[in-house]
Amino acid sequence: MKRLTVLVSAFAAAAAFSACSAETQDPGSASSSSTSASQSSGDFQPVTIEHALGTAEIKEKPERIVTIGQGSAELAIAMGHTPVAIQSYAWGADESGYLPWIKEAVEERGDELPEQFEGDDALSAEKVLGYKPDLILAPWSGITQDQYDQLSKIAPTVAYEKEPWTITWEEQVDVVAKALGEPEKAQSVKDDVAAAFKENAEEEYGNYTFSYIYNDGPQNLGIFLPGEQRVAFVSNLGLKVDDVYKQFPVTPGTDSAQLSKENADALNSSDLIFTFYTDEANREEMHKDPVYSRIRAIENGAEVAATDQSLVTASSIINPLTVRWAAPRFKELIDSAVANAHS
């Protein structure tokens, strides 16, 4: 079970913006590489954020932001700030080495692309120190207490509220806006996300239920809970979460529940199955398994499992950049699965 928990965390990490209001800068507009010139540091009110690993006291307006984990880089950009450095993700990056929606948004702004550094076990406080940050954002990450203790000596560091890799997208918007000293931007960002989903939602999708699952080989399966960002992404497009997840025990430290081959047939109640595979070998192994392959949606071809790693990652994170980039691409796969449902 330990390996499965690590897998969920890893994929949580494996994981364009339109104008929101006059107060929220469009990523397509030119600005400095850290914050809008129109925002005065003299207007900044000190911020205190308590979280699972300690307390971040942000006394001056952040100008050099470093992001760790998922989603915070995009939210900083959406709020008018391009980080000086971000955690890199080989899973989902394009040929440039960047997540494409981040690269596109930063280039549209006319800013320099952020430096990139390794995270997770390879995270180096010394490397982060070299970026001279005055704020480190890691509310959706898996940083350890030891890593936090080192980072917090460099700059105020915002970690997760309760559990690693556990946060709703709305909570992440709120905490990033608060840390930047711009809480008024949170609602406009949420409104933009809602608008992006509304533009892509389909009324027909409401006729179909789905489960979002993952695997660590045929013997170990998991199902994501409704609040997990992958699931929320799909449900915001109009599909209905199958309540089958309620039958299974929650995996500690994750937004998911544990499945096994013995109870995989419970997923037959779902019209569609959403999932991802680590590679083609994993995909082939699962589809050859006599139990997994007989799950009704899998057998019918009503499976949504992107082969594009960028799409897998983008559709696992909810913010203005990812939704506008991923939703139209994701819908093509959904429409194909819907056509096969109940066939």
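Two strands count as paired if DSSP finds at least two bridges between them. In this predicted model, that criterion gives an open sheet of 5 strands, ordered β5-β4-β3-β6-β7, with parallel pairing. The edge strands, each of which pairs on one side only, are β5 (115-117) and β7 (157-158). Within the sheet, strand β3 (residues 65-67) pairs with strand β6 (residues 135-137) in the parallel sense over 3 bridges, and V66 has I136 in β6 as its bridge partner.

L123 lies in the loop between β5 and α4 (125-129), and because its relative accessible area is 12%, below the 20% cut-off, L123 counts as buried. Once its neighbours within four places in sequence are left aside, L123 is in contact with I68, F117, E118, V128, I143, Q147 and L151.

| Strand pair | Sense | Bridges | A bridge pair |
|---|---|---|---|
| β8 (residues 209-215) and β9 | antiparallel | 3 bridges | Y214 and G222 |
| β9 and β11 (residues 256-260) | antiparallel | 5 bridges | L221 and L259 |

Strand β9 (residues 220-224), which takes part in both pairings, is mostly covered, with 4 of its 5 residues buried. The hairpin of β8 and β9 has 4 residues between the strands, and there G217 takes a positive phi near 90°.

Turning to the helices, two packed helices are described by the angle between their axes and the distance between the axes. For helix α6 (residues 169-179) and α7, the angle is about 145° and the axes are 9 Å apart, while the passage of α6 across α7 is a right-handed crossing. On the α6 side the contact is made by W169, E170, V173, D174 and A177, which meet A186, V189, K190 and V193 of α7. By class, this contact of α6 with α7 has 6 nonpolar and 3 charged residues, and no polar ones.

Helix α7 (residues 185-200) also holds S188, which counts as buried because its relative accessibility is 11%, under the 20% limit. Along the chain S188 and M79 are 109 residues apart, whereas a separation of 9.3 Å lies between their C-alpha atoms.

What is L272 in contact with, leaving aside its neighbours within four places in sequence? Its contacts include Y208, T209, F210 and S211, together with L239, A297, A302 and V304.

Key
Residues numbered from 1 in each chain as written. Predicted model: local features only at pLDDT ≥ 70, side-chain atom pairs only at ≥ 80, totals over all residues. Heavy atoms only, no water. Contact = heavy atoms within 4.5 Å. Buried < 20%, exposed > 50% of the residue type's maximum accessible area, 1.4 Å probe, protein only. Helix = DSSP H or I, 4+ residues; strand = E, 2+ residues; numbered from the N terminus. Axes fitted to C-alpha atoms, helices over the stretch in contact; angles between N-to-C directions. Left-handed = near helix turned anticlockwise from the far one by under 90°. Nonpolar A, V, L, I, M, F, W, Y, C, P; charged D, E, K, R; others polar.
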